[in-house]
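I set out to record what could be looked up in this structure, entry by entry. The coordinates and sequence come first, and my notes follow.

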Amino acid sequence: MESAATRTAKPGRTAPSRRLEAIPPYMFAELERRVSAKRAAGIDVISLGIGDPDEPTYPHIVEAMRVAVGDPANQNYPANRGREEFRAALAGYYARRFGVELDPNSEAMPAIGAKECIYNLCFAFCDPGDVVLVADPGYPVYTGGPTLAGAEPVLLPLRPELGFAPDLDAIPAAALERARLLFLNYPNNPTGAVVPDGLFERAVALAHDHDLLVAHDNAYSEITRDGYVAPSFLETPGAREVGVEVFSLSKGFNMTGWRCAAIVGNADAIELYWRLKSNVDSGLFDAVQLAGVAALQPEVDEQVRAMNAIYQRRRDLVCAALADAGVRVTPPKGSIYIWAPVPDGFDSAAAYCEHVLEQAAVVISPGSAYGASGEVFFRISLTTPDDRLLAAVERIRRL
Ligand SMILES: Cc1ncc(COP(=O)(O)O)c(C=O)c1O
């Protein structure tokens, strides 16, 4: 690559850096702009695009925040390592919920949302020339993060016949030789799949054999249905030696705006993440950490269960309506998404989603935004009230 020292012409004042130019604009940012323009023109757009819970944060979490924010002791720079109470609450939650014992001093620290954590892990561990193994389709930051860090994302197709697992045996040897990180995510965005049997065990073995770090993104562990309870990657024997887990309060506790998450697991990896972050940001607002403590208490379990009943109802409504329209989907057990095949007659997911937006004023996400393997799929988010969700699906059905 041409370096700044060797390039012949200096880029213009507002030209992007090469690393920024190497990634496409974040899909939802562009979509938001278009939806705002339509709404400004008086069009009733229903968005089933972004996965942003429509139900409010549970009241006692809001109350804990209200109290914490009024206390001057919480108004200074937080420590990047996180408050003792927050780390202890994480350890308590992991013990109660997953049966995983964490050392709150070395095996847990806050993150300013899972997105920040995933992105910064790439900078903590990767140099130009390194490889990051990422699911295709997958949350876009798994590819954007490595690209911005100068590393190369190598896509692992999620195979429907393997329960949307990547075939770890099919990873090219050359990629494994350079791989520093493997990102996994179950319950999965965008497919809604839950972790297939044996995948975490195979990932631990791969990480041992090839000296790489597994980063399991557990953003949806609390959103499951049909009696399924999602595990933590750290329950897998040997996982703590080779991996970390990113745990987010965004989706499971209706707290997307709060930016409250954590990294747990391998102490050496967390130490490096901390070292990077101490140069990049100044930690998670203490009041948000104290609200996080309130969220992780046992009395919240009932509210999470009630929220899951809402998602189960919505999932069933949408799957039934799609079946009526001739679109067959397997009802997903986890996350807040329906992953459905693009109907016949459209040669790409983008073309279909464009058609739905223009003709039905409904936003759905093209599967291609999550990777090449998503090209013939679209994603519906269940984070819209039932009546609007049904109205949107009816508009799509009538097209
Ligand atoms: C798989 C996955 N990980 C992480 C995130 C972001 O989580 P947070 O709000 O904690 O940054 C999302 C958001 O959609 C996601 O789908």
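**Conventions**

I worked from a predicted model, in which local features need pLDDT of at least 70 and side-chain atom pairs count only at pLDDT 80 or more, while totals for chains, interfaces and linings use all residues. Residues are numbered from 1 along each chain as its sequence is written, and side-chain values use heavy atoms, with hydrogens and water left out.

I took helices (H or I, at least four residues) and strands (E, at least two) as DSSP runs numbered from the N terminus. I called a residue buried under 20% relative accessible area, exposed over 50% and partly exposed in between, with a 1.4 Å probe and protein chains only.

**Entry 1**

I counted two strands as paired if DSSP finds at least two bridges between them. Strand 3 (residues 131-136) runs parallel to strand 6 and is joined to it by three bridges; Val 131 has Ala 179 as its bridge partner there. Strand 6 (residues 179-184) is in turn joined to strand 7 by four bridges, again parallel, and Leu 182 is partnered by Val 214.

Between these two strands the chain passes through helix 8 (residues 199-210), and the β-α-β crossover is right-handed. By that I mean that, with the strands pointing away from the viewer, the path from the first strand over the helix to the second runs clockwise.

On its other pairing, strand 7 is linked to strand 8 (residues 243-248) by four bridges in parallel, with Ala 215 opposite Val 244.

**Entry 1: nonpolar cores**

I defined a nonpolar core as a set of buried Ala, Val, Leu, Ile, Met, Phe, Trp, Tyr and Cys residues joined through side-chain atoms within 4.5 Å. Which members of the largest core touch the most others? Of its 105 residues, they are Leu 133, Phe 253 and Ile 364. Helix 12 (residues 301-324) contributes the most to this core, with eight residues. A second, separate core has 27 residues, including Leu 181 and Leu 213.

I then listed contacts (heavy atoms within 4.5 Å). Beyond its neighbours within four places in sequence, Ile 364 contacts Leu 48, Tyr 352, Cys 353, Val 356, Phe 378, Arg 379, Ile 380 and Ile 396.

**Entry 2: helix 13**

The buried residues of helix 13 are Ala 349, Tyr 352, Cys 353, Val 356, Leu 357 and Ala 360. Seen down the axis, they fall within an arc of 135 degrees, so they line one face of the helix; the arc is that of the directions from the helix axis to the C-beta atoms. Among the elements covering these residues are helix 2 (27-40), strand 13 (377-381) and helix 14 (386-398).

Three strands form an open antiparallel sheet in the order 10-13-12. Strands 10 and 12 stand at the edges with a single partner each, so one side of each lacks a neighbour in the sheet. Strand 10 pairs with strand 13 over five bridges, and Ile 338 stands opposite Ile 380.

**Entry 3: backbone exceptions**

Most residues other than glycine have a negative phi, and most peptide bonds are trans. I noted these exceptions:

- Asp 136 and Pro 137 are joined by a cis peptide bond, with omega about 5 degrees.
- Asn 189 and Pro 190 are also joined by a cis peptide bond, with omega about 15 degrees; Pro 190 lies in the loop between strand 6 and helix 8.
- Asp 211 has a positive phi of about 55 degrees and, at 68% relative accessibility, counts as exposed.
- Ser 335 has a positive phi near 65 degrees, but at 0% relative accessibility Ser 335 counts as buried.
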